[in-house]
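Okay, thanks for coming, everyone.

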Amino acid sequence: MGAGRGKVSDPDRAASFLSGLGPRGGRPTPQRGGDPRPGRQIPGKRGTNWRTSRGAQHKRLQWFAMAGDMRATAAGQAKRFKSSNEETENQEENGHQDKRFKRSQKDVEDQNKKFPKRKIVLLMAYSGKGYHGMQRNVGSSQFKTIEDDLVSALIRSGCIPENHGEDMKKMSFQRCARTDKGVSAAGQIVSLKIWLIDDVLEKINNCLPSHIRILGLKRVTGGFSSKNKCDARTYFYMLPTFAFAHKDRDIQDKTYRLNKETLEKVNKLLACYKGTHNFHNFTSQKGPKDPSAKRYIMEIYCEEPFVKECMEFAVIKVKGQSFMMHQIRKMIGLVIAVVKGYAPESIMERSWGEEKVDVPKAPGLGLVLEKVHFEKYNRRFGNDGLHEPLEWTEEEEKIAVFKEQHIYPTIINTEREEQSMVNWLSTLSIHDFNATSSGVQVNDRNSKSNDLEGSDGCDDDSD
């Protein structure tokens, strides 16, 4: 193409060409040099007629066909060009939305920086069904945990910056006790540093699902750790009372009702756990000479039974300094085996000795972290004029309501639907309570293969 002449694209050429066509390209517009209408002679072509000239008709058809092709090509290119523009606009719009969200989050963080950042504790209650425990696994989204929802709510409510969610050490986050898959809590305590914004509890709870609630908040000392400062933990285990029905004398279904004599026997056996004992048979990977296997149990007892939805339940409460993995579930499992007549009472004493004893592990459903205790901290800082004692008397009504609305119904409905206790009771007959170490290992493997609930969430020693 010569210098100074602009390049003409195919769409431009097509548009210029098509502009000379009549409606639907059926007849060309008269052009200089001739009138193409039928029956008229073309100047300079004496005797030649459009109607009678075969050559002219053939050229005319070719010309119309080429015009139609060029019209279709131009329309296709225009459509593709429009689609490309729309896609680019959508990408730009999405990018703008992301940027607007980040700017909005950044604005909230900048605005909240004017609030003081303080070390506090949060009183939490949650139903653990559908979660793989309390503790968050940063960088892994395969298993959802309670802390995943909590951290998200803290960020969205403006209590912590977004990068603290990625590195929880930046906010000095610590939980009092880990709870495992499916385990609930009515009095979990976490410590962390947050911006003390206005209406902080309301804003956090607005960002949480209804089965996770923050029921209280208190200021603590700068070096406070909810795990290390905890003196004791109280759990309860809710179970249907037919678990205590004797295997040979009593009915084994939901119509069973716990009598006074059986309840007294249950409490007599539970009382044997009080004090310091070697619980190496009640956990895994600890030998009889491991000093960390010794644990101090302060209280343990079974409360009066109650009926819910035509099934009778009872609650066993246990308070101890700390618990090992599976410990509470095995403590309860062994008592059930004795009460039902599968094991002799003498096995209680024998289980604290050096020999390996086959101790059955009760289902994880029904285990709940009820309360954590900070007695030493309260004595030292509770009345110093700057800090409050970590006691939750004013929140007890909220805790009771949450248990009635979320924790008890979850345990009852899951037991009715999945029958975890019924299925577990059917395995007691295969346990050998006089087994040798090799026999115990076989039973342990069978128990692990059937344990769908995971550990009991009482491993308070490590983080």
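**Cysteines, a strand and the core**

Let's start with C272, which is partly exposed at 31% relative accessibility. When I say buried I mean under 20% relative accessible area, exposed is over 50%, and partly exposed is in between, with a 1.4 Å probe and protein chains only.

Quick housekeeping: this is a predicted model, so local features need pLDDT of at least 70 and side-chain atom pairs count only at pLDDT 80 or more, while totals for chains, interfaces and linings use all residues. Residues are numbered from 1 along each chain as its sequence is written, and side-chain values use heavy atoms, with hydrogens and water left out.

Back to the cysteines. How many disulfides are there? The count is 0, where a disulfide is a pair of cysteine sulfur atoms within 2.5 Å. Take C230, which is buried at 10%: the closest cysteine sulfur belongs to C176, and at 3.4 Å that is too far for a bond.

Now find strand β5, residues 232–240. Helices here are DSSP runs of H or I with at least four residues, strands are runs of E with at least two, and both are numbered from the N terminus. In a regular strand, side chains alternate between the two faces of the sheet. In β5, A232, T234, F236, M238 and P240 point one way, R233, Y235, Y237 and L239 point the other way, and all of them are buried.

Who are the neighbours of β5? Strands count as paired if DSSP finds at least two bridges between them. β5 runs antiparallel to β10, residues 367–373, with 6 bridges, and there T234 stands opposite K371. β5 is also antiparallel to β9, residues 311–320, with 8 bridges, and M238 stands opposite V315 there.

On to the rings. Phe, Tyr and Trp rings (the six-membered one for Trp) pair if their centres lie within 6.5 Å; planes under 30 degrees apart are stacked, over 60 edge-to-face, and the rest tilted. That gives 10 aromatic pairs. One of them is F236 with Y408, tilted, at 6.2 Å centre to centre and 55° between the planes. Because F236 sits in β5 and Y408 in helix α10, residues 396–418, this pair ties together parts that are 172 residues apart in sequence. F236 is buried at 2%, and Y408 is buried too, at 15%. Then there's F306 with F313, a stacked pair at 6.5 Å and 25°. F306 is partly exposed at 25%, whereas F313 is buried at 0%. Ring pairs also link F224, F374, Y377 and F381 into a cluster.

F374 comes up again in the largest nonpolar core, which has 107 residues; F374 is among those with the most contacts inside it, along with M124, L192, Y273 and I336. Such a core is a set of buried Ala, Val, Leu, Ile, Met, Phe, Trp, Tyr and Cys residues joined through side-chain atoms within 4.5 Å. Which helix gives the most to this core? That's α7, residues 327–339, with 9 residues.

Last stop is helix α3, residues 146–156, where 9 of the 11 residues are buried, including I146, L150 and L154. After α3 comes G158, with a positive phi near 85°.
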